Amino acid sequence: MGAMTPKFSICVYCGSRPGEGAAFLEVARAVGEWIGQHQGQLVYGGGKTGLMGTVAEATRAAGGRVVGVIPKALVDRELANRLCDELHVVDTMHERKAMMAERSDAFLALAGGIGTLEELFEIWTWRQLGYHDKPVGILNTAGYYDGMLDFLAGSVRSGFMGEWQMELVRTGTEAAPLLAALRAALPSHPQADDRLAQNI
């Protein structure tokens with residue numbers, strides 16, 4: 001499918017480690033398979049280890065297109081995935097996140113560490129500020145994000161966030177329904193939003 005135009009692009013944020021327990025890898029595989037089976041394109045961090053590598057390989061195996069974006073400093077550490085249809089090696093993390101955002105119509109966070117959380121919160125913040133109107137989702141596998149979501153609910157109760165901010169992000173525990181909801185919510189103009197790059 002590399003030469004074909006994908007029907008949509010979904011950016012997936014996830015860990016470069018596999019995590020403990022089979023559930024995390026199984027969900028990453030299911031996400032990649034869904035993207036590929038629906039003639040979509042995966043945009044991700046360009047690594048071939050952990051959940052990152054699993055979602056990329058599953059997308060490719062299911063006939064999807066894979067775009068990886070990785071900074072030079074992480075090429076060796078994260079073992080850059082040379083099997084991507086496009087592999088972009090950039091100078092900084094800022095460039096990486098800007099390109100991933102520009103190439104995507106929607107965003108989905110799987111389990112991951114502080115890098116995944118940082119990417120999720122940044123794209124969520126950009127959404128609340130009106131820099132983009134692309135859907136954002138959190139796939140809460142095995143209760144991984146329960147603590148974070150409880151903390152954020154406490155932030156709302158304490159008056160530091162509004163319920164409307166929480167409503168900007170869809171959450172789910174199953175890959176296919178959440179991915180379908182994100183795709184259904186794509187803006188009517190799924191094009192790169194230049195405002196993202198301008199506001200970094």
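Mentor: Buried means under 20% relative accessible area, exposed means over 50%, and partly exposed lies in between, with a 1.4 Å probe and protein chains only. This is a predicted model, in which local features need pLDDT of at least 70 and side-chain atom pairs count only at pLDDT 80 or more, while totals for chains, interfaces and linings use all residues. Residues are numbered from 1 along each chain as its sequence is written, and side-chain values use heavy atoms, with hydrogens and water left out.

Trainee: Is Ala-101 buried or exposed?

Mentor: Ala-101 has a relative accessible area of 0%, so it is buried. Ala-101 lies in helix α3; helices (H or I, at least four residues) and strands (E, at least two) are DSSP runs numbered from the N terminus. From Ala-101 to Tyr-44 the C-alpha to C-alpha distance is 9.8 Å, across 57 residues of sequence.

Trainee: Where is Glu-95 found, and does it count as buried or partly exposed?

Mentor: Glu-95 is in helix α3, residues 93-102. Its relative accessibility is 37%, so Glu-95 counts as partly exposed. Glu-95 and Val-69 are 26 residues apart in sequence, and their C-alpha atoms are 8.9 Å apart.

Trainee: How should I read the packing of α3 and α4?

Mentor: Axes are lines fitted to C-alpha atoms, for helices over the stretch in contact, and angles run from 0 to 180 degrees between N-to-C directions. Angles under 35 degrees count as roughly parallel, over 145 as roughly antiparallel, 65 to 115 as roughly perpendicular and the rest as oblique. Here α3 and helix α4 (residues 114-128) pack at about 55°, with axes 12 Å apart. The two helices, α3 and α4, are therefore oblique to each other.

Trainee: Which residues of α3 and α4 make the contact?

Mentor: Contact means heavy atoms within 4.5 Å. From α3 come Lys-97, Met-100 and Ala-101, and from α4 come Glu-118, Glu-119, Glu-122, Ile-123 and Trp-126. For classes, Ala, Val, Leu, Ile, Met, Phe, Trp, Tyr, Cys and Pro count as nonpolar, Asp, Glu, Lys and Arg as charged, and the others, Gly among them, as polar. The contact of α3 with α4 has four nonpolar, no polar and four charged residues.

Trainee: At what angle do α1 and α2 pack?

Mentor: The angle is about 30°, and the axes of α1 and α2 are 7 Å apart. That makes α1 roughly parallel to α2. Among the contact residues are Phe-24, Ala-28 and Val-31 of α1, and Leu-51, Val-55 and Thr-59 of α2. By class, this contact of α1 with α2 has eight nonpolar, five polar and two charged residues.

Trainee: What is a nonpolar core, and which residues touch the most other members of the largest one here?

Mentor: In soluble globular proteins, nonpolar side chains tend to be buried together. A nonpolar core is a set of buried Ala, Val, Leu, Ile, Met, Phe, Trp, Tyr and Cys residues joined through side-chain atoms within 4.5 Å. The largest has 27 residues, of which Ile-10, Val-12, Val-31, Leu-42, Leu-108, Leu-110 and Leu-139 touch the most other members. Elements giving two or more residues to this core include β1 (9-13), α1 (22-37) and β2 (41-44). The most, six residues, come from α1.

Trainee: What is Leu-42 in contact with?

Mentor: Leaving aside neighbours within four places in sequence, the contacts of Leu-42 include Ile-10, Val-12, Ile-35 and Val-55, as well as Arg-65 and Val-67. A second, separate core of 25 residues includes Val-67, Ile-123, Met-148 and Val-169.
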